[in-house]
Structures are given as structure tokens and as C-alpha cells.
Amino acid sequence: MTDPEPGKSPDNPWPVRAVATRVAKYIDRLGMVWVEGQLTEIKVRQSTAWMVLRDPAADMSLSVSCPRDLVVDAPVQLTEGTQVVMHGKPQFYTRNGSFSLRVNDIRAVGIGELLARIERLRRLLDAEGLFDPRLKRPLPFLPTMVGLICGRASAAEHDVISVATGRWPAVRFAVRNTAVQGPNTVPQVVEALRELDAHPEVDVIVIARGGGSVEDLLPFSDETLCREIAKCTTPVVSAIGHEPDNPLCDLVADLRAATPTDAAKRIVPDAAAEQNLIIELRRRSARALQNWVHREEHLLHQLRGRPVLANPLQALTARAEEIDRARAAARREIDRLLAAETDRIEHLSARLATLGPAATLARGYAVVQTADGAVVHSTADAPAGTRLRVRVADGALTAVSEGPEHPQTPEQESNR
């Protein structure tokens, strides 16, 4: 049976020197790198300077070493919290198993570069919708408890608590003191923010800090902090710096306050002002009610003074007289129409009687009909022997036709 590969079993382990040597060789292959971060510790010795470079968005750091002159002769003063870019080579020291970054160039990040980075981050967060006004949550009118994130014994803490309690004495605070400047700000504020957001009684969270330079307020434009504010379910008020200051957390928060004092005025109502408002509303409502009663009384007086209510039967009497007049006029019109129609009927009857056959018969004329009722119009209709019915004015006669009469001579006509 062959021996196992070195370092792969407890029977054939690597010695410490072998592991340390291999780790050093692996790290050495990384070569020279540029690293950006914030300085948190600076120790300058006779020939060497030791520093700690911290990531502002995460709880991670690197040990850094460089020649003393690189720190002393830097174009800007290197202090804790300075944002820098370093050029160096990662090194692993096999003697004690420590890791360090050996630096040969240090450059402080200028204000222009910081502002450019903040602007790029602002555009990114805006494109993702973190600044959308529709996502802003409304603040409660009277919060049960206010979460306050600020520096320990800071003016911002004093301003928020004193102004808020002066406006509403019963307000309660859950204060979380954190770093508000330097590399520890972001992780501590994020941790406090998560804790207060999970608190069941906290209804609103205030992040407060006084004014400062762009470098001092840089942690409040950190992407990690901005995204954490956007994830909160509790409304967040940002009160960072003074009116001209505008870190990115102001845009992500549900409400931006110009100052910590302004934040205190926004989160709780003013008890005196609310009481005065209630008194004013009661006075206005009482005045409105009195005016309404006066208007209704005046309206009732007007209604009672109207003739229709002063003498209710007057309208009926006037209408009754009008109805009587209308009835009389209708009767007169009907009588006139009846008389006119009667005259017209009499005239028509007279004309009908004049034109009818009875009047003609009365003048001596007769109507001759055959036995079957047909009217005789010519001598051909009644040949000899035809039985005839002769209708005269007062009755009818029967006769027998002897045929057509022959024309007579004048002498015969004269003899007749």
C-alpha cells in the first residue's frame, strides 16, 4: 500500500513551515494591487509606519506597513478616517503567520473624487427606485416610541430629545449611541437600525448628526447604509448635518429633516399648538352652529310672515273664485256653441227639406214605380199593361200603363 499524499492524512502531515511557505508563495502571486479604504490606526515609528485600512461598508480591515517618510511627507495629513488609495504588495510573514500589505504609494481621495463617487451612487440608487416618492411611508401622528440613532452625549441627541419632550412630554425614546464619524459609523448605524426596526414599540426611527465636512458626512452616503434604510419597515427620518448638507441617506429616508431640531418637530406634534387648535376648532364650530341657528330662525320668521302661512285659506279662496269664473265662462261658451249649432242644424234641415222629394211631391209632382219598385224613367220602362205605383204627396196610387201616348195634332189639343 502506497503512502498517502503529504498533508492529506494524519499519518503524513505537513509541518508548519511547509504550510506557511506555501501560503506565502500563493499570496506572493497576487502581485501589486491598488486598495481603497479608511485609515483607522496610524502608528509611526523611527523608520516604519503601521496602519489599519478598514472597509467603510463592511467589518473588514487590513494591516498596512510602509516607510515612515511615506506618511510624514504625504501631500495631505493622514489621520484616522481619511479616505485613501494605497498601492502595495500583499505579504504573508511565515515567522508569526501574519498578513500585511506593504505599501509604496498612498494617495488621499480628494473632495472632487468623493463627490463624483457619491453622484455615481446617487444615480445608481435612483435608477433602482430607492428615491421614489411613492415608496415613502407616512410618519405616525403620535408615535408610541421614537428610535434615535446618534452620537453619545452629542448635541444632536440633546436637541432631538429636549425639543420633542418640550412639544409632547409623554414621548418615549429608544436611544442607540453609535459612531457618527469615521470607519466604524456604517456598521454601527446599520446594526442599530436593524435593532430598532425589529423593536415592536418603535414607530419611527431618527438618524441624527450635527453638521460637518464632506469627509465627516461621507458614511451617511454609504451604499450599505442607504440600502439598509430602504429595507426598513419602520419609517425613517434622516437629520444629518444642516440645511445645505444632503447625504444620500436623506434621499432614501422616508422624511428628510433639515436639522435634528427640525426632526424633533416633525416626529411629534406640539401639545400646546394642538390644544390651541382644539380650542380654536371648538370656537369656530360653536360660532358656525350659532350662525346656523340664527339663519334658521330668520328663515322661520320669514316663512311665518308670508301670506300663505298668515292666511292659509286665502289661496284656496282666490282659487275658488277663479274656478267659479272659469265655470261660468265655460257655461256661457257651451250655451253659445249649442245655440250656434242649433241654428246651423235648423238651416240645414230647411235646406234638406227644400231639396228633398217630399217638397217636390207637395208641389204636384209624382214618382212612378213599377211593381218591383223600379222608378220609371222613360215610356220604355212602362209598356202597355204594366202595373204601376204612383206616389204623390199624401200617399200612393196603383195604375195600369196603356203604353206611350201618341202626339196630338193642334186641333185635337184645342178640343181638349
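Arg-176 pairs with Glu-195 in a salt bridge whose closest N and O atoms sit 3.0 Å apart; the rule for such a bridge is a side-chain nitrogen of Lys or Arg within 4 Å of a carboxyl oxygen of Asp or Glu. Arg-176 belongs to strand S7 (residues 173-177) and Glu-195 to helix H5 (residues 185-198), so the pair ties together parts that are 19 residues apart in sequence. The cut-offs are under 20% relative accessible area for buried, over 50% for exposed, and partly exposed in between, using a 1.4 Å probe and protein chains only.

Before going further, a word on the model: it is predicted, local features need pLDDT of at least 70, side-chain atom pairs count only at pLDDT 80 or more, and totals for chains, interfaces and linings use all residues. Numbering runs from 1 along each chain as its sequence is written, and side-chain values use heavy atoms, with hydrogens and water left out.

Back to the charges. Side chains of opposite charge can pair when their charged atoms come close. The salt-bridge count comes to 17 by the rule above. One of them joins Arg-227 and Glu-223, again at 3.0 Å from N to O. Both of these residues lie in helix H6 (residues 223-231), four residues apart, or about one turn of the helix. Arg-227 is partly exposed, given its relative accessible area of 26%, and Glu-223 is partly exposed at 32%. Asp-132 and Arg-134 make another bridge, 2.8 Å from N to O, and Arg-134 is exposed, with a relative accessible area of 74%. For something beyond a simple pair, look at Glu-119, Arg-122 and Arg-123, which are linked in a network of salt bridges.

Now zoom out to the domains. The assignment for the protein chain gives domain 1 (22-108) and domain 2 (124-268), with bounds that come from an automatic or database domain assignment. Taken over C-alpha atoms, the centres of domain 1 and domain 2 are 33 Å apart. The contact takes eight residues from domain 1 and eight residues from domain 2, where contact means heavy atoms within 4.5 Å.

Leaving aside neighbours within four places in sequence, Pro-56 is in contact with Gly-37, Gln-38, Gln-83, Val-186, Pro-187 and Asp-222.

His-87 sits in strand S4 (residues 83-93) and counts as buried, at 17% relative accessibility. Not counting residues up to four places away in sequence, His-87 touches Met-32, Val-33, Trp-34, Arg-102, Val-103, Asn-104 and Asp-105.

Next comes Thr-144, in the loop between helix H3 (111-127) and strand S6 (145-150). Thr-144 is partly exposed, with a relative accessible area of 42%.

If you like checking backbone torsions, go to Ala-153. This residue has a positive phi of about 55° although it is not a glycine. Ala-153 is found in the loop between S6 and helix H4 (155-167), and it is exposed, with a relative accessible area of 73%.

An unreviewed UniProt entry places the feature "coiled-coil region" at residues 313-340; UniProt positions follow the numbering used here, feature names are shortened, and annotations may be inferred rather than shown by experiment. In the model, the span 313-340 is 100% helix and 0% strand, and its end C-alpha atoms lie 40 Å apart.

Note on methods: Helix = DSSP H or I, 4+ residues; strand = E, 2+ residues; numbered from the N terminus.
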